[in-house]
Amino acid sequence: MRVILDHVTKRFSDVTAVSEFSATLEDGELISLLGPSGCGKSTLLNMLSGILPVSGGKIYFDDQDVTALPPEKRGIGLVFQNYALYPHMTVMSNICFPLETQRVPKAERIERANEIAKLVHVDMLMNRKPAELSGGQQQRVAIARALVKNPRLLLLDEPLSNLDARLRLEMREEIRRIQQRTGVTTIFVTHDQEEALSISDRIVLMRAGVVQQNDLPQRLYNEPANQFVADFLGNPPINNLPGKIADGEFVTADGKGRCVLPMLAGVENGRAVNLSVRSESFVLDPNGPISCEVTRVYQMGKEEMAYLRLGDCDFRAYIDSDKGLKKGDTVRLSLKKRGTFLFDLETGERIR
């Protein structure tokens with residue numbers, strides 16, 4: 001099912017939680033709503049499900065306007081962060097419950113529950129109760145309960161937040177497998193960039209209720225629309241070197257660090273900028289344009305993480321460990337085109 005959000009807005013008194021949100025989610029895609037806590041991700045999900053009314057705009061499922069449609073008529077499956085399983089019911093009863101409320105005959109309920117339990121790998125647990133299951137198993141049951149209704153749209157609200165790191169990795173791979181097997185259009189809410197980057201067909205990155213970029217995962221990383229997107233994606237975080245353009249050179253705020261880069265050509269003199277570079281985009285180069293001092297070096301197997309200083313700007317760079325860098329060395333660096341950006345220091349607008 002194709003989902004269209006047309007200038008969807010949600011206001012709570014004088015607070016705008018989601019502002020003029022527009023996006024088209026194609027049939028069968030897994031879309032991640034990504035952003036920091038409080039950016040409006042869950043609010044948007046609750047408007048899609050019908051739990052919250054919209055303050056403005058329209059929501060369409062295919063060609064149907066569902067903006068005012070109650071939740072039970074939207075054909076959605078919803079999985080919460082806290083699983084929300086019924087503790088007194090077995091796994092079988094939990095999965096069957098949505099079908100029971102729809103008055104599906106018992107034999108059909110059991111057949112469909114067994115089918116979906118096999119899909120999510122809980123078919124050996126059907127007689128257990130939630131307290132007898134691990135967190136990952138409980139989450140699988142919650143997903144099975146959402147899918148057993150054959151929803152047109154599956155909504156996952158931070159479903160992995162309560163799991164430990166290893167289980168999160170396992171379950172995000174499972175969610176992707178299940179989504180691809182079923183082909184159901186899925187919206188996955190998360191604040192974890194690694195989760196979003198690893199399983200999504202597309203990512204919508206939000207900030208303060210406003211879409212910052214709606215794009216393919218790798219394009220968000222390689223072609224950020226603005227400073228916020230560049231800062232939010234990446235581990236370690238992108239290096240930001242604030243300074244200004246002076247006679248075609250990048251000059252740090254203290255005036256002691258400077259370099260000439262091809263990407264600076266045509267940028268107006270005196271403009272305050274952030275030179276933003278991912279740690280993997282530095283290259284040791286004896287003829288490189290950046291001369292800087294090594295302040296620390298950490299061993300990371302085949303690579304080293306070098307901490308360096310240009311003027312009053314500190315930054316990190318991955319360097320081959322056989323280079324033997326040590327504190328106090330002066331090195332020259334060049335920059336790869338990929339992973340190097342120039343942003344306006346005041347507005348965050350991307351210049352290059």
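How are α2 and α3 oriented to each other? In this predicted model, the axes of helix α2 (residues 91–101) and helix α3 (residues 106–119) cross at roughly 125° and come within 9 Å. Angles of 65 to 115 degrees count as roughly perpendicular and those over 145 as roughly antiparallel, with the rest, apart from angles under 35 degrees, taken as oblique; α2 and α3 are therefore oblique to each other.

**Helix packing**

Two packed helices are described by the angle between their axes and the distance between the axes. The crossing of α2 and α3 is right-handed, and the contact involves Met92, Ile95, Cys96, Leu99 and Glu100 on the α2 side, with Arg109, Ile110, Arg112, Ala113, Asn114, Ile116 and Ala117 on the α3 side.

A further pair is formed by helix α4 (residues 135–147) and helix α5 (residues 165–182), whose axes come within 11 Å and cross at roughly 20°. Because angles under 35 degrees count as roughly parallel, α4 is roughly parallel to α5. The crossing of α4 and α5 is right-handed. From α4, the residues Gly136, Gln139, Arg140, Ile143 and Leu147 meet a set in α5 that consists of Leu167, Glu170, Met171, Glu174, Ile175, Ile178 and Thr182.

Strand β14 is mostly covered, since five of its six residues are buried.

Within β14, Asn274 may be examined individually. Is Asn274 buried or exposed? With a relative accessibility of 10%, Asn274 counts as buried, because the cut-off for that class is under 20% relative accessible area. The side chain of Asn274 makes a polar contact, at 3.3 Å, with the side chain of Gln227. When neighbours within four places in sequence are left aside, the residues in contact with Asn274 are Gln227, Asn240, Leu241, Pro242, Phe341, Leu342, Phe343 and Leu345.

Ala265 lies in the loop between β13 (258–259) and β14 (272–277). Its relative accessible area of 53% makes Ala265 exposed, because that class begins over 50%. Although Ala265 and Glu249 are 16 residues apart along the chain, their C-alpha atoms are separated by 9.0 Å.

**The five-stranded sheet**

Which strands make up the open sheet, and in what order? The sheet has five strands in the order β15-β19-β16-β17-β18, and their pairing is antiparallel. At its edges are β15 (282–284) and β18 (313–320), each of which pairs on one side only. From one strand to the next the twist averages 50°.

Methods
Residues are numbered from 1 along each chain as its sequence is written. This is a predicted model: local features need pLDDT of at least 70, side-chain atom pairs count only at pLDDT 80 or more; totals for chains, interfaces and linings use all residues. Side-chain values use heavy atoms; hydrogens and water are left out. Helices (H or I, at least four residues) and strands (E, at least two) are DSSP runs, numbered from the N terminus. Buried means under 20% relative accessible area, exposed over 50%, partly exposed in between (1.4 Å probe, protein chains only). A polar contact is a pair of N or O atoms within 3.5 Å; within protein, one must be able to donate a hydrogen and the other to accept it, and residues adjacent in sequence count only if both atoms are side-chain atoms. Contact means heavy atoms within 4.5 Å. Two strands pair if DSSP finds at least two bridges between them. Axes are lines fitted to C-alpha atoms, for helices over the stretch in contact, and angles run from 0 to 180 degrees between N-to-C directions. A crossing is left-handed if the near helix is turned anticlockwise from the far one by less than a right angle, and right-handed if clockwise.
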